[in-house]
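Student: I have a model open on my screen and would like to learn how to read it. Can we go through it together?

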Amino acid sequence: MSNFSLLSSLSPEVADSLKRAAVAQEPQVIAQRRAFHASPELGWQEVETTFALVADLTQAGYDVVSGHAFLGDSVRMGMSADPIPGEGDTGCIALFDTGRPGPTVCMRVDIDALPITEAGGNHAPFAQGFASTSPGVMHSCGHDGHAAIGLATARMLKPYLDTGRGRLKILFQPAEEGGRGGRAVAEAGWMDDVDLFFAIHLGLGVPSDSAAFAVHGILANTRYDVTMTGRASHAGKTPEGGRNALIAACQAVLGLQTMAQSSQPGIRVNVGMMQAGTAVNIVPDEARFIFEMRAQETEDLQSLEARCCAFVESIAQA
């Protein structure tokens, strides 16, 4: 679908005005995306990103809620072991109420990066001078672009809101990776009065210069942090005195991968991280791994989750 085809339902004057506004926004969108790309921040730690978003949205004329007031006392899952100042109080929401009856529309974009080291060489951000300046962290999932598009949308729509109806919310969600931030936003109540909600995502196999709507195959997910606890002992002197948590974790990891064998659409299981042990001659007394499950249908995800949890528990008992 053409990126402007939805404008056919608008008056020619408004459609033409939006087209021209989009073209005019392009240089700033590119510049802002590159700025976000060069300064990526992990989920719940998007402090500088949030600061930049709030400044731009406030200048555009929106009421902006950020800081602790944004998510209040909602549960923040997956905070770091040693939180940085401001961690957990990131993200924001831009609000505009026309004061006239009408629907509440919410557009959601995500803003967090991933713990991945960015490539060099002919990789475009590196070659063009806007690669990540944060070691081991990069925007590899397009959230830098999402943030820039959210800001551009806010600027483009603002001139039309004074004569509109209803209420507009533009949500800049923190900690999207791992499904953590979405729960906190919902618990904070920001979605309670929303009549029309939509989220955007770059890529996903959609050709350039086009947009797709109601895309299938965007899978729901659940993740677990698993800690296996055993008993430490000297591996050379008294190995029989130990209980090797690492071996248990390895058995669980290998078995979990078989859970994805299903004729149901979109079933996925992935173990993305495992940590264990303290020394080569010590039987590990603790092993930790993180895995996620995905499925296209809620019932399939619930069934997959139950099977995976039962399997992990059986390995731990053994």
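Tutor: Let's start with burial: buried means under 20% relative accessible area, exposed over 50%, and partly exposed in between, using a 1.4 Å probe and protein chains only. Take Ala175, which has a relative accessible area of 0% and therefore counts as buried. Ala175 sits in the loop between β4 (167-173) and α6 (180-187). Its phi is near 50 degrees, a positive value in a residue other than glycine.

Student: What should I know about where this model comes from?

Tutor: It is a predicted model, so local features need pLDDT of at least 70 and side-chain atom pairs count only at pLDDT 80 or more, while totals for chains, interfaces and linings use all residues. Residues are numbered from 1 along each chain as its sequence is written, and side-chain values use heavy atoms, with hydrogens and water left out.

Student: What average pLDDT does the protein have?

Tutor: pLDDT is the predictor's confidence in each residue, from 0 to 100. Here the protein averages 91, and 95% of the residues score at least 70. Over residues 1-6 the pLDDT is below 50, and that stretch has 10 contacts in the model beyond near neighbours in sequence. A contact means heavy atoms within 4.5 Å.

Student: How many helices and strands does the protein have?

Tutor: Helices (H or I, at least four residues) and strands (E, at least two) are DSSP runs, numbered from the N terminus. This protein has eight helices and eight strands. Of its 318 residues, 38% count as buried. Among contacts with a separation of 6 or more, 76% are between residues 24 or more positions apart.

Student: At what angle do the axes of α1 and α2 cross?

Tutor: Axes are lines fitted to C-alpha atoms, for helices over the stretch in contact, and angles run from 0 to 180 degrees between N-to-C directions. Under 35 degrees counts as roughly parallel, over 145 as roughly antiparallel, 65 to 115 as roughly perpendicular, and the rest as oblique. The axes of α1 (residues 12-38) and α2 (residues 47-59) come within 11 Å and cross at roughly 155 degrees, so α1 and α2 are roughly antiparallel to each other. Gln28, Gln32 and Phe36 of α1 make the contact with Thr49, Ala52, Leu53 and Asp56 of α2. By class that gives three nonpolar, three polar and one charged.

Student: How are those classes set?

Tutor: Ala, Val, Leu, Ile, Met, Phe, Trp, Tyr, Cys and Pro count as nonpolar, Asp, Glu, Lys and Arg as charged, and the others, Gly among them, as polar.

Student: And which residues make the contact of α2 and α5?

Tutor: First the geometry: α2 and α5 (residues 143-161) pack at about 10 degrees, with their axes 10 Å apart, so they are roughly parallel to each other. The contact is made by Leu53, Asp56 and Leu57 of α2 and Ala147, Leu151, Ala154 and Arg155 of α5. That contact has five nonpolar, no polar and two charged residues.

Student: Is Trp44 buried or exposed?

Tutor: Trp44 is buried, at a relative accessible area of 0%. It lies in the loop between α1 and α2, with phi near 75 degrees, a positive value in a residue other than glycine. Gln45 is also placed in the loop between α1 and α2 and counts as buried at 18%. Leaving out residues up to four places away in sequence, Gln45 touches Ser80, Ile84, Glu87 and Thr90.
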